Amino acid sequence: MSMEGYPGEQLESLTPAVPVRRCQVKRSCPSCGPELGVEEKKGKGNPISIQLFPPELVEHIISFLPVRDLVALGQTCRYFHEVCDAEGVWRRICRRLSPRLRDQGSGVRPWKRAAILNYTKGLYFQAFGGRRRCLSKSVAPLLAHGYRRFLPTKDHVFILDYVGTLFFLKNALVSTLGQMQWKRACRYVVLCRGAKDFASDPRCDTVYRKYLYVLATREQQEVVGTTSSRACDCVEVYLQSSGQRVFKMTFHHSMTFKQIVLVGQETQRALLLLTEEGKIYSLVVNETQLDQPRSYTVQLALRKVSHYLPHLRVACMTSNQSSTLYVTDQGEVYFEVHTPGVYRDLFGTLQAFDPLDQQMPLALSLPAKILFCALGYNHLGLVDEFGRIFMQGNNRYGQLGTGDKMDRGEPTQVPLCACALCATRECLYILSSHDIEQHTPYRDLPASRVVGIPEPSLGTGAPQDPRGTAQACEEYLSQIHSCHTLQDRMEKMKEIVGWMPLMAAQKDFFWEALDMLQKAEGGGGGVGPPASET
């Protein structure tokens with residue numbers, strides 16, 4: 001058995017009981033029986049099965065492999081799959097990757113999960129503008145147990161790990177000759193522990209992110225003067241410039257939350273809190289008075305999306321300065337738009353906008369289940385259960401990724417795939433950290449949608465059943481077959497291309513290709529769609 005980077009002398013030193021006489025160590029897989037060596041076939045030597053070694057010794061040797069090689073070795077046979085998947089191996093790897101890690105976390109496979117979280121964690125950024133288009137890696141906090149979330153502010157970067165520790169990377173970015181660079185000697189400190197989520201000003205310009213709102217769990221005394229306490233959720237507000245806590249609000253122990261987002265202006269900043277039961281509560285604070293030392297009571301109210309639609313269970317939410325997007329556990333999407341200009345950019349009309357009732361949620365008509373969402377100032381992005389990305393809204397600068405600058409009043413599919421991205425005015429950040437306990441939420445696209453062309457829009461109302469799509473294709477083929485000449489069949493095919501739900505670029509491609517074929521046959525047809533389609 002040859003291992004790259006591990007010479008035979010090291011293996012012999014770990015197995016002193018084996019006599020050194022040109023004997024070969026061969027694996028013996030229970031599923032396929034012992035494997036014969038070359039020397040045994042010639043009658044020389046006496047091969048030894050690796051299964052004769054103590055399991056602890058094999059696990060110890062394998063734990064020195066890099067993670068990539070360990071995974072590759074576990075795919076060779078059943079025996080090595082069981083050995084490489086042992087928790088003892090991953091415990092040694094985890095301690096080698098993160099020697100300062102004290103808690104391996106929880107779960108069915110805590111050591112394997114902890115090792116992969118810390119092996120895959122990373123934060124990369126790419127500055128906008130300039131000639132350089134390379135990715136740069138940030139300085140990783142050694143104590144971080146994977147990366148779950150991050151948020152860049154004006155001068156610093158905040159990272160939340162999987163055990164609820166929020167790290168504060170001070171002076172992480174510097175500007176050199178107009179080029180944003182990561183400061184290699186930046187310092188990081190632990191801002192707080194027990195954090196669930198955090199948020200700041202939702203605008204992409206980091207200049208406005210003055211305060212950091214942290215949703216955390218803290219122990220509170222039940223009765224003043226006693227030692228008994230219970231866990232209560234709270235929101236702590238920190239200054240992003242120094243990391244100093246300036247405000248704290250504590251909730252009743254019966255209220256437990258899992259996500260926080262902000263919406264609105266600084267003087268009327270609304271905090272939206274998502275409970276474990278899928279309900280949305282909100283409260284309003286004045287950010288301009290947070291640094292004043294005083295105590296007051298704020299009103300926690302149920303949001304209209306949970307008050308008028310009590311059957312909905314919200315799974316996640318996102319916001320910008322004037323809008324909020326909710327995704328339910330059933331994949332439905334509800335939208336709050338607070339300004340008419342943003343509503344017009346998103347939907348192309350003001351027909352259903354009610355300026356007197358801006359918190360009333362609007363349901364988006366979507367035939368597919370939505371899993372994730374993102375919200376810009378006047379455009380949004382959706383990811384469905386098949387892993388497809390849909391964009392909607394203002395496309396003045398090509399921000400939708402459709403290849404043109406036409407606005408979209410309904411969700412439009414774009415051929416992109418991304419995960420854990422965050423953009424500011426200066427940089428594009430890319431976060432990586434794989435959790436083995438979070439299974440992929442996507443499922444395979446039905447064959448009827450794979451064979452056909454991807455749907456350009458979620459709201460087109462096109463038939464979704466496979467039988468209907470197959471019947472339509474059969475009808476198209478029969479129409480082409482009924483044509484007597486090749487030129488007629490070409491014209492009919494161009495007609496069918498215009499009927500099919502294709503993107504504009506795809507239609508142009510097929511029309512151009514059909515015109516080229518017509519010219520090659522001497523037809524001399526003009527470029528573009530048929531006259532009826534034009």
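Over the ring of which residue does the charged end of Arg-149 sit, and how far is it from the ring centre?

Modeller: The ring belongs to Phe-198, and the charged end of Arg-149 is 4.5 Å from its centre. A charge is taken to sit over a ring if NZ of Lys or CZ of Arg is within 6 Å of the ring centre and within 35 degrees of the ring normal. This is a predicted model, so local features need pLDDT of at least 70 and side-chain atom pairs count only at pLDDT 80 or more, while totals for chains, interfaces and linings use all residues. Residues are numbered from 1 along each chain as its sequence is written, and side-chain values use heavy atoms, without hydrogens and water.

Arg-203 lies over the face of Tyr-208, 3.7 Å from the ring centre. Arg-203 also belongs to a set of salt bridges, to which I return below.

Next, the ring pairs. Rings of Phe, Tyr and Trp (its six-membered ring) pair if their centres lie within 6.5 Å; planes under 30 degrees apart are stacked, over 60 edge-to-face, and the rest tilted. The count by this rule is six aromatic pairs. One of them is stacked: Phe-158 and Phe-168, at 4.8 Å centre to centre with 0° between the planes. This pair links distant parts of the chain, with Phe-158 in strand E8 (residues 157–160) and Phe-168 in strand E9 (residues 166–170), 10 residues apart.

Phe-509 and Phe-510 make an edge-to-face pair, at 5.3 Å centre to centre and 65° between the planes. Here Phe-509 is exposed, since its relative accessible area is 55%, and Phe-510 is partly exposed because its value is 31%. Elsewhere, ring pairs join Phe-251, Phe-257 and Tyr-281 into a cluster.

Salt bridges number 14 in the whole structure (a side-chain nitrogen of Lys or Arg within 4 Å of a carboxyl oxygen of Asp or Glu). Glu-236 bridges to Arg-245, with the closest N and O atoms 3.3 Å apart. Glu-236 is buried at 1% relative accessible area, whereas Arg-245 is partly exposed at 45%. Arg-388 and Asp-384 meet at 2.8 Å, N to O; Arg-388 is buried at 9% and Asp-384 at 0%. Shared partners join Asp-201, Arg-203, Glu-266, Arg-269 and Glu-287 into one network.

A further bridge joins Glu-336 and Arg-303 at 3.1 Å, N to O. Glu-336 is in strand E23 and Arg-303 in the loop between strand E20 (301–302) and helix H8 (304–307), 33 residues apart in the chain. Both Glu-336 and Arg-303 are buried.

Four strands form an open sheet in the order E21-E22-E23-E24, with antiparallel pairing. Strand E21 (314–319) and strand E24 (362–363) are at the edges with a single partner strand each, so one side of each has no neighbour in the sheet. Strand E22 (residues 323–328) and strand E23 (residues 333–337) are joined by five bridges, and Thr-324 stands opposite Glu-336. Helix H9 (residues 340–347) packs on the sheet, touching E22, E23 and E24, and its direction makes about 140° with that of E23.

Notes:
Two strands pair if DSSP finds at least two bridges between them. Helices (H or I, at least four residues) and strands (E, at least two) are DSSP runs, numbered from the N terminus. Contact means heavy atoms within 4.5 Å. Axes are lines fitted to C-alpha atoms, for helices over the stretch in contact, and angles run from 0 to 180 degrees between N-to-C directions. Buried means under 20% relative accessible area, exposed over 50%, partly exposed in between (1.4 Å probe, protein chains only).
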